[in-house]
Amino acid sequence: MHWSTCLALPLSLSFVAGAVTFNPWAYTIQSTTCRAADRILHEEVNITIDYVDINPTAEKSIIMVHGWPSLWSSWVYQIEEFNDEYRMIAIDVRGFGGSTHPADVQSSSTLADITGDLTCVLEHVGIQSAICLGHDWGAEVCYEAARRRPDIFYALVGVTVPYLHAAGPFADSAQLAAVMPKLAYQVFFENHTTEAIAELNKDIRRSLRATLRTVNSTPPDSFLTSTTTYLSAYDNVTEIPPIPFFSSSDEKYFVERFSIQKFDHTLIFYTRGNRYGTWQSTQAQGNYTIPQPVLSVLPLNDPVADWVFAAKYLKSAAFLPQLTTKTMEGAHWPHLEHPQVFNNILRAWLETLEHSLTPAQRVFSDEL
């Protein structure tokens, strides 16, 4: 395992250039139909996963998986950086933007289910092996995808959140919040999902602005600490400032795509049924180790949690024999807040990855 820390460029220099050139409306949204379990109806249903396919003739592929609350276009700066070198499939996770979801939010979207969506999309576009790049809960999707399907995902990058393996006993949101108080909002999402969705849906733009903040544009201190509400910390804030790492056009696109389905099916990562289902299925398999190369990029200033401490406390590295860990300045969205620093980290690791692949791995990743 290798640890190092990277310094960030001044915020004003680290994202403005990308914001000027990126136009999310210029990218064609494609979609495919995937099968999904509805555990309330006890049947399989069809869902649609939306994605953007960038540089489809490239030999090497990356599938990009966002977290909460986010969309495919949150990979703006990585798309701009690597679009001449890699084929990039940036998805809207089920329930977000234009990607649909089974009627059941509580138990029909485990990480294994979402892994199935990734393999469905890759099969649809004809990609047989790829690197998985995920942020926040998307990082956990990539960890699970690599654990379950090493035949497809030959390396992965997890941004912000370390590997939350299932080797120990199940812990619900209340237990986690007792250790990390800024996770109290997850208790609200888990225990009062319907009320949380209604609160988030009341003003989509406000909900997104409240959440997508930076070190230089912080939320109120009490944000995320309530188990009965998500947005009350902003009650005395008439107008929340715009999302600091987006242009006005980027923010408008985010609001428009979120408005398609609103937050109705986006709390899938927080419900007890999905979290327990993920833990239970992994426990049943009894395998927590991910042997593929892993890059974990952890921010040093996330108000949600100290992820460096969390990784050490969970002993995540014990299950990741080819782990490289990098830390960098930034809050919860380091790839957006300081994109050039993040891209430099990612590029260096990708170059090392290419040199470190064995002949067998090289055949596997290039020719399958």
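**A pocket, a strand and a cavity**

Helix 14 gives the most to the lining of the second largest pocket: 6 residues. Helices here are DSSP runs of H or I with at least four residues, strands are E runs of at least two, and both are numbered from the N terminus. A pocket is an open set of points on a 1 Å grid over the protein atoms alone, with protein on both sides within 12 Å along at least five of seven lines; lining residues have an atom within 4 Å of a point.

A word on the model. It is predicted: local features need pLDDT of at least 70, side-chain atom pairs count only at pLDDT 80 or more, and totals for chains, interfaces and linings use all residues. Residues are numbered from 1 along each chain as its sequence is written, and side-chain values use heavy atoms, leaving out hydrogens and water.

Back to the pocket. Its lining has 12 residues, and Gln322, Thr324, Trp349, Thr352 and Leu353 lie nearest the centre. Two elements give two or more residues to that lining: strand 9 (323–328) and helix 14 (339–356). The volume is about 180 Å³, meaning the space filled by probe spheres set on the points, with grid points joined across faces, edges and corners.

Now strand 9. Is it enclosed or open? It is largely enclosed by the rest of the structure, because 6 of its 6 residues are buried. Buried means under 20% relative accessible area (1.4 Å probe, protein chains only). In a regular strand, side chains alternate between the two faces of the sheet. Here, Leu323, Thr325 and Thr327 point one way, while Thr324, Lys326 and Met328 point the other.

Which strand runs parallel to strand 9? Strand 8 (residues 294–299) does, joined to strand 9 by 6 bridges. Strands pair if DSSP finds at least two bridges between them. Val294 stands opposite Leu323 in strand 9.

Next, the cavity. A cavity is a set of points where a 1.4 Å probe fits but cannot get out. The whole structure has 1 cavity of 30 Å³ or more. The largest cavity holds about 40 Å³ of space. Its lining includes Phe22, Ser73, Phe246 and Tyr253. Helix 10 (residues 248–261) supplies the largest share, 3 residues.

Last, the record. UniProt, in an unreviewed entry, lists residues 61–339 as "domain: AB hydrolase-1". In this model, that span is 38% helix and 13% strand, and its end C-alpha atoms lie 20 Å apart.

How values were computed
UniProt positions renumbered as here; feature names shortened; annotations may be inferred. Buried < 20%, exposed > 50% of the residue type's maximum accessible area, 1.4 Å probe, protein only.
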